[in-house]
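Please read the following report with the sequence and the model side by side.

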Amino acid sequence: MNTGVIYLDHHSSTPVDPRVVQAMMPFWTENTANPSNPYHPLGRRAADAVETAREQVAMLIGAKRTEIVFTCGATESNNIAILGTAMAHTGNRRQIVTCAIEHKSVLEPCRWLAERGYEVIILPVDSLGHVQLSALEQAVDENTLLVSIQLANNEIGTLQRMEVISRLVHERGALLHCDGAQAVGKIPVNVEHLYLDMLSISAHKLYGPKGAGALYVRGGARRARLQPLMFGGGQEWSLRPGTLNVPAIVGFGEACRICHEQMPEEATRVGKLRDRLEQLLKERIPSLQYNGDPSLRLPNNSSLTFPDVEADALLLNLPDVALSTGSACTAGAMEPSHVLQAIGLSREQSYRTIRVGLGRFNTEEEIERAAARIAEVYHRVGAIGER
């Protein structure tokens, strides 16, 4: 990303890998056919490309090809998983369980169901962002239909102990959905090892294009007890009808292939860059506070709370470093981050917190410059505030 700006906002969106762009190009120019049309070669080739991408997505998460349903992103996948499960259910289980630091695309569908008679339990987390397992064990019972817990938090990077959560949920006979948008492509995720019933993914979080995503459904969409949220077409086993976005899906598949190939080396390299950034900032700002679990978090994540300087003031004076105050979906909101408040930060601390997301194309030289610029601006803005 050669823009003159050091891009450290990879949780919001990643730059599209040039290899992904190259894979997509023919389906914008040479073959623009509808993959649902089997009557001419171009349609069949488009369909074949979609199925290749489906296989590539499945391979990244240890799934079967038929268990991948293409959507426009994790927000849509989360809504299909949560609302589709509830609307299809005809039994006595009328309880949905989630946690306090979920993405809004999980919390808001849950609230919608609560307004329509479902009991929704929002579990607390500890100061590191882990779901309190004692609260989960107490909440999930014979009335629980679905538990939705994210694998990695989109602000503080904390990884949930999903194996333990999965075991408990399935012992009680409930279904488990996981928002994997921030985790897939960054750390190993295997749906069989974790025994997930559903998993949501976004292409633009793993160096693919915006507007493409997937919902993993155990056993495949044909057998799933999910109510479609849209109607009017047979695509994606009628669970997500509408003409498929072939270029974006092809790019999504290629992005997954690259992640599958490069992930171990990339995670190690990016993790070292993150640790270096934190070290340099701590040397320059000794009272800087880190949020989340320091040992069980995404390798590219850092959540930093600054003493005495609000994040907005800091970022407005850093036009050459791309950062954010939290989830891009709630940026600009007057209320402080619900994630930071859930782990025990005060409103004042929340307003002084920034989110750093490193990525594939960041360099050590960029990290050195970014640390110097952040510290420089922090001390300058802080000095102005003291006058």
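Serine 324 lies in the loop between strand 11 (321–322) and helix 11 (338–342), where helices (H or I, at least four residues) and strands (E, at least two) are DSSP runs numbered from the N terminus. The model is a predicted one, in which local features need pLDDT of at least 70 and side-chain atom pairs count only at pLDDT 80 or more, while totals for chains, interfaces and linings use all residues. Residues are numbered from 1 along each chain as its sequence is written, and side-chain values use heavy atoms, with hydrogens and water left out.

Serine 324 counts as buried because its relative accessibility is 9%; buried means under 20% relative accessible area, exposed over 50%, and partly exposed in between (1.4 Å probe, protein chains only). Its side chain and that of aspartate 9 are joined by a polar contact of 3.2 Å, a polar contact being a pair of N or O atoms within 3.5 Å of which, within protein, one must be able to donate a hydrogen and the other to accept it, and residues adjacent in sequence count only if both atoms are side-chain atoms. Leaving aside neighbours within four places in sequence, serine 324 is in contact (heavy atoms within 4.5 Å) with Asp9, Ser12, Leu315, Ile354 and Arg355.

Valine 5 lies in the segment before strand 1 (6–7). Not counting residues up to four places away in sequence, valine 5 touches Pro319, Asp320, Val321 and Ala322.

Two residues, tryptophan 237 and serine 238, are found in the loop between strand 8 and helix 9. Each has a positive phi without being a glycine, as stated for tryptophan 237 and for serine 238. The table sets out their values.

| Residue | Phi | Relative accessible area |
|---|---|---|
| Tryptophan 237 | near 55° | 26%, partly exposed |
| Serine 238 | about 70° | 37%, partly exposed |

In helix 7 (residues 162–171), the buried residues are Met162, Ile165, Ser166, Leu168 and Val169. These buried residues pack against helix 6 (133–139), strand 5 (144–148), strand 6 (175–179) and helix 8 (191–194). Glycine 173, with a positive phi near 80°, follows helix 7.

Which residues line the largest cavity? The lining consists of Gly185, Lys186, Tyr207, Met263, Glu266, Ala267, Val270, Pro299, Asn300, Leu358, Gly359 and Arg360, where a cavity is a set of points, on a 1 Å grid over the protein atoms alone, at which a 1.4 Å probe fits but cannot get out, and lining residues have an atom within 4 Å of a point. The volume of the largest cavity is about 80 Å³, a volume being the space filled by probe spheres set on grid points that are joined across faces, edges and corners.

The chain has 13 helices and twelve strands. Its radius of gyration, taken over C-alpha atoms, is 21 Å, close to the 21 Å that the globule rule (2.2 Å times the number of residues to the power 0.38) gives for 387 residues, so the chain is as compact as a globular protein of that length. Buried residues make up 56% of the 387 residues.

Definitions and conventions
1 Å grid on protein atoms, 1.4 Å probe; cavity = no way out; pocket = protein on both sides within 12 Å on 5 of 7 lines; lining within 4 Å.
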